[in-house]
Amino acid sequence: KMEKLKKVDFSMNRITEIVNFSAIFPVIQTANFSFNLLKQVPNSISTSIVDLELSGNRIKTFSEDIQNLSSLQKLDISFNKLSEIPKLPKSLKKLYANNNSIQKVEDSDLPLLESFTFSVNSLEKIPNFSNHISKSLFFARNRINLISLEMVTKSVEQINLTENNITEIPIELFTLPNLRFLNLDSNKIKEIPNEIENSNIS
């Protein structure tokens with residue numbers, strides 16, 4: 001039992017399972033298990049965890065207990081085999097979930113979320129993270145067919161929705177005061193609204 005250990009790095013190994021995580025690392029704050037052979041997010045993760053790196057594994061399942069990690073600020077689950085994301089904790093500030101097979105993301109209230117990416121997945125709609133403060137939306141290479149304005153805050157500066165199934169551009173996008181970058185290439189758009197002339201996109 002590592003009662004004082006706050007940081008561990010076991011990246012680039014061949015770990016397949018982490019048993020009794022919270023018992024072994026009761027006060028851990030930063031844990032890096034990226035590029036191993038994990039098939040699921042470890043159960044009973046210590047509630048002290050702040051930064052959890054799990055990218056480059058073979059993770060398919062995600063326990064709903066993740067929402068109870070009240071100190072978690074950064075979560076990297078990119079380059080795995082996830083298809084669903086459960087409700088996430090309000091404390092989360094950074095989320096990286098690109099290069100999975102994600103089809104469903106549970107609604108979450110994430111008032112501190114300032115950065116996230118879901119590029120290269122199988123999403124059909126933009127996840128609903130209410131009250132987020134992110135200035136960038138990265139959802140390239142999914143199956144999104146509609147730009148949901150519920151997720152587009154007035155503070156957003158960049159939107160990347162390349163290689164999706166979008167057919168229409170909502171004119172409300174062009175009223176966003178801080179939007180400077182909009183990438184919609186390789187979609188199914190047939191018409192560009194005239195309102196684009198009044199936008200701040202450069």
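Student: Let's start with Lys90. Is Lys90 buried or exposed?

Tutor: Lys90 is exposed, as its relative accessible area is 52%. Keep in mind that this is a predicted model.

Student: Okay, and which residue forms a salt bridge with Lys90?

Tutor: That's Asp109, and the closest N and O atoms of the two are 3.4 Å apart. Asp109 sits in strand 8 (residues 108-109), while Lys90 is in the loop between strand 5 (84-85) and strand 6 (94-96), so the pair ties together parts that are 19 residues apart in sequence.

Student: And how accessible is Asp109?

Tutor: Asp109 has a relative accessible area of 23%, so it counts as partly exposed. The cut-off for buried is under 20%.

Student: How many salt bridges does the structure hold?

Tutor: There are 5 salt bridges. One of them joins the side chains of Lys104 and Glu106, at 3.4 Å from N to O. Lys104 is partly exposed at 43% relative accessibility, and Glu106 is partly exposed too, at 35%.

Student: What about Arg141, which side chain does it meet in a salt bridge?

Tutor: The side chain of Arg141 meets that of Glu163, with an N to O distance of 3.9 Å. Arg141 is in the loop between strand 11 (136-138) and strand 12, and Glu163 is in the loop between strand 12 and strand 13, so this pair links parts that are 22 residues apart in sequence.

Student: How accessible are those two?

Tutor: Arg141 is partly exposed, with a relative accessible area of 46%. Glu163 is partly exposed as well, at 41%.

Student: Switching to Thr162: where does it lie?

Tutor: Thr162 lies in the loop between strand 12 (158-160) and strand 13 (181-183).

Student: Why does Thr162 count as buried?

Tutor: Because its relative accessible area is 9%, and buried means under 20%.

Student: So what does Thr162 touch?

Tutor: Leaving out residues up to four places away in sequence, Thr162 touches Phe139, Ala140, Arg141, Asn183, Asp185 and Asn187.

Student: New topic! Which residues form the positive surface patch?

Tutor: The patch is made up of Arg14, Lys39, Arg58, Lys60 and Lys81.

Student: Let me pick Lys60. Where is it, and how accessible is it?

Tutor: Lys60 is in the loop between strand 3 (51-53) and strand 4 (74-76). Lys60 counts as exposed, at 54% relative accessibility.

Methods. Residues are numbered from 1 along each chain as its sequence is written. This is a predicted model: local features need pLDDT of at least 70, side-chain atom pairs count only at pLDDT 80 or more; totals for chains, interfaces and linings use all residues. Side-chain values use heavy atoms; hydrogens and water are left out. Helices (H or I, at least four residues) and strands (E, at least two) are DSSP runs, numbered from the N terminus. Buried means under 20% relative accessible area, exposed over 50%, partly exposed in between (1.4 Å probe, protein chains only). Contact means heavy atoms within 4.5 Å. Patches are made of residues with over 30% relative accessible area and no salt bridge: like charges are joined within 9 Å, nonpolar side chains (Val, Leu, Ile, Met, Phe, Trp, Tyr) within 5 Å. Accessible areas come from the Shrake-Rupley method with a 1.4 Å probe; for residues, only the protein chains shown count as cover. A salt bridge is a side-chain nitrogen of Lys or Arg within 4 Å of a carboxyl oxygen of Asp or Glu. Lys and Arg count as positive and Asp and Glu as negative; His and the chain ends are not counted. The place of a charge is taken as NZ of Lys, CZ of Arg, CG of Asp or CD of Glu.
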